[in-house]
Every structure is written in C-alpha cells, then in structure tokens.
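Colleague: I would like to go through this model with you, starting from the contacts and ending with the confidence.

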Amino acid sequence: MSEQKECPNCGRRFQPVLRTHLLCRVCFHERSRDYDMALAEEAWRSGYRLGFQRGHADGVGNAEPFISLGLLDAAIALCHPDRHPEERFHNANGTTAALLAARKRLREAA
Ligand SMILES: [Zn+2]
C-alpha cells in the first residue's frame, strides 16, 4: 500500500491508489466535474449523523455508571447535614443535595 500524501490543492491527507494520483479524490472529481458535490456533501452529513447516533446509542447503552448506588447511599448517609456541626450545614446540605440528584439520575438510567 502506498503512503499517504498531502493533496496540493486542498491540503487533505489521502491515500493514493496509484502513484500517479496527485490530487485527493474530492479535488480530482471536482476538477473533472463528474461529482454532484452538493449531493456528496449531503451524503457525508447523513452518514456522519447516522454514525454519531449509533455511536452515541452504543456508548450510552454500554457505559458503566461511574459510581454504584450502594456507594452513593453511603456517601449520602455520611454527608447528611444532621451528622455535621452547624458550621458545616451549608456544605453538607449542598453536597447531600448533589448526591441525591446523582442517585435519582442513576436510578432513572438503570
Ligand atoms: Zn484535495
């Protein structure tokens, strides 16, 4: 297989099939005017969207939660404002609220 080279017209890196291929495929077809570039652009965008949607669906579906419900329950119990002196109330209360929200999201995702 030949090495990649840079298209002198647009600067894209491309893999020439033959050593005589000087331009990237896009520039070659643009010059020969045998491509409908608007259609090619739309096809690329559609493919990109579809790939993105599939990748996102796969990633979300297979993602491991970053924290377990058990660990969240333990953290909520430890942070609860009732367990802390008055001067730490706001910090404990805010942290507990954030942990409760995270637990809610984790349960909804399960
Ligand atoms: Zn090019």
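Colleague: Among contacts between residues at least 6 apart in sequence, what percentage join residues at least 24 apart?

Modeller: This is a predicted model, and contacts are counted by C-beta atoms within 7 Å. Taking the contacts between residues at least 6 apart in sequence, the share joining residues at least 24 apart is 21%.

Colleague: Which elements does the protein have, and in what order do they run from the N terminus?

Modeller: The secondary structure comprises 4 helices and 2 strands. Read from the N terminus, the order is β-β-α-α-α-α.

Colleague: Is the protein a compact globule or more spread out?

Modeller: For 110 residues the globule rule gives 13 Å, and the radius of gyration is 27 Å, well over that, so the protein is more spread out than a compact globule. The C-alpha trace spans about 75 × 25 × 25 Å along its principal axes. Of the 110 residues, 4% count as buried. On the radius of gyration, then, the answer is more spread out.

Colleague: How many Å separate the centres of domain 1 and domain 2?

Modeller: Domain 1 covers 1-39 and domain 2 covers 69-109. Taken over C-alpha atoms, their centres are separated by 57 Å.

Colleague: Which element has the lowest mean pLDDT?

Modeller: The protein averages a pLDDT of 86, and 93% of the residues score at least 70. Strand β1 (residues 5-6) has the highest mean among the elements, at 94. The lowest mean, 81, belongs to residues 37-62, which form helix α2.

How values were computed:
Residues numbered from 1 in each chain as written. Predicted model: local features only at pLDDT ≥ 70, side-chain atom pairs only at ≥ 80, totals over all residues. pLDDT = per-residue confidence, 0-100. Domains from an automatic or database assignment. Rg over C-alpha atoms; globule rule 2.2 N^0.38 Å. Buried ≥ 20, exposed ≤ 12 C-beta atoms within 10 Å, placed from the backbone. Contact = placed C-beta atoms within 7 Å.
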